[in-house]
Amino acid sequence: MRSRIGRKQLYIWAFTVATLLLFSSASAQVSEQAIQTTPQSSDAPAPKQQGGSSTAGEFAPVLDSEHRPITAGGFVKTGPIIFKDISAKAGLTSWHHVMGTPEKKYIIEETGSGVCLLDYDHDGWLDIYMVNGSTYDAQDGKTEPPHAALFHNNHDGTFTNVATSAGVTNGRWGYGCAVGDYDNDGWPDLYVTNFGKNRLYRNNHDGTFTDTAEKAGVTLGNWSTGASFGDFDGDGRLDLFVPGYVHYDMAHPPRAGSDSLGFCQYRGVNVSCGPRGLEGEPDHLFHNNGDGTFTDVSVKAGVSDPNHYYGFSSTFVDINNDGKVDLLVANDSSSNYLYINKGDGTFEDASYYSGFALNRSGRETASMGLAVGDYKNSGQVGIYTTTFSDDYNTLFDNKGDGNFSEVTSRTGIDEITYPFLGWGTEFIDYDNDGWKDIFVANGHVYPEVAHHDWGTSYAERPLLFHNVDHGQKFMAMPAVDGTGLAEVIPARGAAFGDLFNDGKIDVVINCMDHTPVLLRNVNPDHNHWVGIRLVGGSGSPRDAVGSTVYLTSGATRQRGDVMSAGSYESSNDQRLHFGLGQSTSVDSVEIHWAGSGKVEHVKLPGIDRYFVVEEGKGIVASVYDGIAKEASSGK
């Protein structure tokens with residue numbers, strides 16, 4: 001491990017060089033010193049491991065020219081305008097997230113909730129589901145519990161909360177959500193994880209949902225987090241994986257000062273306890289029986305998590321390109337899981353030998369968010385995980401056959417993330433140049449950071465890393481005053497998708513004790529794009545979750561995977577989005593269908609619009625035909 005001074009100097013160098021290079025290329029002018037730092041003595045004691053959350057140690061604060069922590073500062077006056085906060089204009093700020101008390105005495109109040117994007121009414125426009133938390137008083141029946149929101153897309157840039165009429169208000173202590181058509185009726189369903197019983201909302205096709213979790217046998221109990229759907233046994237039906245976090249006792253919550261192990265302190269200050277030092281919850285895999293019920297096959301399949309690690313986010317995706325979906329689990333302050341699908345109803349735990357369990361130093365990280373994508377256009381999916389402050393987010397390069405190498409330092413994006421505490425994340429091609437970039441939503445868990453000179457803040461700005469060298473290097477984009485990248489918010493879950501059908505990927509963020517944030521992508525590029533929604537046929541999941549598409553345009557071959565979950569306890573747009581750069585046509589589209597295993601080739605007749613491809617039928621008529629016609633006519 002590098003010394004504290006060496007790491008500090010490297011962080012400052014990386015941040016300064018990346019910023020100066022970027023501003024020079026964007027003709028941006030920075031009028032005053034971008035960063036000021038607090039000197040650190042050469043004989044300072046070695047970093048010590050935090051008890052409650054895994055970190056790399058303690059580091060000197062990084063401050064901007066106005067002496068603000070870089071997590072809530074470092075803004076510049078001019079530069080590229082990529083995202084614009086339109087939350088209020090869109091009508092989202094009528095809803096408010098609530099989780100515990102502002103003091104955050106207990107871990108159950110800290111971790112926040114997710115957000116799901118789904119077209120629940122089949123009108124061709126993405127709607128937004130926001131999970132809400134709760135409070136001790138609400139759990140005791142003393143106050144009305146906070147409710148979730150379902151924002152219907154009005155097609156005019158605004159949204160209307162229809163959660164009550166749709167029957168999806170939840171009313172329990174909510175954490176995550178996952179989208180998947182578990183009954184193969186062609187309509188997206190919604191699974192919501194809670195502290196307490198989970199819900200499975202079946203889509204009734206009329207704008208309403210029915211909670212079928214009890215009948216389906218997937219309620220569980222205690223603390224569930226970032227669930228995901230996937231057809232692990234290839235029978236054409238979506239199964240359900242549900243990670244467990246901490247086994248929490250509401251009547252006897254762990255309190256700072258009550259332990260003797262130091263697991264309730266951060267940098268010597270009393271904070272909420274955990275997760276280390278607390279009992280974890282096991283994970284669960286439910287097999288879809290095809291009759292509206294599920295069977296728990298966790299132990300038989302080899303994914304029950306006997307270690308009771310602190311699971312946060314998960315997703316099914318084909319890691320080793322063998323046509324079977326594997327399973328990734330990001331664990332907080334414990335080793336991550338990578339389970340390779342053996343094709344016989346069981347998984348092999350490849351976590352350690354794959355290189356995904358630990359970072360390059362052989363150390364556990366506090367993994368919160370999980371992004372999966374082919375950021376090198378190599379035909380192999382890479383992995384990005386977000387972590388606690390005083391540590392760096394990790395980027396894993398897929399070397400083939402399920403083996404990974406952690407390349408964060410090599411790509412230039414490790415040191416800059418140390419002061420930030422990351423949550424929702426995704427590989428997105430924000431400028432449609434054909435190469436996936438990385439977005440990270442940030443926010444601390446300890447309100448106490450506001451009272452100490454630790455170089456971090458409770459509310460934090462997001463980070464966007466631009467893919468500048470075919471996945472070999474990334475560059476931090478500047479936080480320009482008045483734009484979305486300069487929003488200082490207590491972010492948690494984030495979902496990514498094209499909310500306005502304009503071919504640009506937007507971001508919806510669920511924030512702690514705060515209103516939602518909608519960052520509209522307004523990047524001024526003129527690159528082309530194409531979107532594809534897959535519909536599975538006989539023998540495949542109807543929503544095609546687990547399917548893979550390879551799209552070739554010119555010399556670039558991109559990969560897209562349909563996933564039901566990821567980021568942080570959230571679900572993204574399941575339509576596949578491909579930036580084309582200046583290319584004006586698509587040469588080929590190769591589809592590997594989940595479930596049936598069939599490989600199909602289709603020819604797209606155009607670009608800059610969405611197409612629906614149905615297994616065995618090719619491109620079919622859809623609502624997007626009318627949307628594309630309106631867009632071309634300027635309506």
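**Aromatic rings: exercises**

The charged end of Arg-609 lies over the ring of Phe-611, at 4.2 Å from the ring's centre; a charge counts as over a ring if NZ of Lys or CZ of Arg is within 6 Å of the ring centre and within 35 degrees of the ring normal. This is a predicted model, where local features need pLDDT of at least 70 and side-chain atom pairs pLDDT 80 or more, while totals for chains, interfaces and linings use all residues. Numbering runs from 1 along each chain as its sequence is written, and side-chain values use heavy atoms, leaving out hydrogens and water.

**Exercise 1.** Find the ring that Arg-575 lies over.

*Solution.* Look at Tyr-610: Arg-575 lies over its face, 4.1 Å from the ring centre.

**Exercise 2.** Classify the pair Phe-59 and Tyr-418.

*Solution.* Step one: rings of Phe, Tyr and Trp (its six-membered ring) pair if their centres lie within 6.5 Å, with planes under 30 degrees apart stacked, over 60 edge-to-face and the rest tilted. The whole structure holds 30 aromatic pairs. Step two: the centres of Phe-59 and Tyr-418 are 5.1 Å apart and the planes stand at 70°, so this pair is edge-to-face. Step three: check burial (buried is under 20% relative accessible area, exposed over 50%, partly exposed in between; 1.4 Å probe, protein chains only). Phe-59 has 11% and counts as buried; Tyr-418, with 5%, is buried too.

**Exercise 3.** Now do Phe-312 and Tyr-568.

*Solution.* With centres 5.2 Å apart and planes at 75°, the pair is edge-to-face. Both Phe-312 and Tyr-568 are buried. They also belong to one aromatic cluster, whose members include Tyr-175, Trp-223 and Trp-423.
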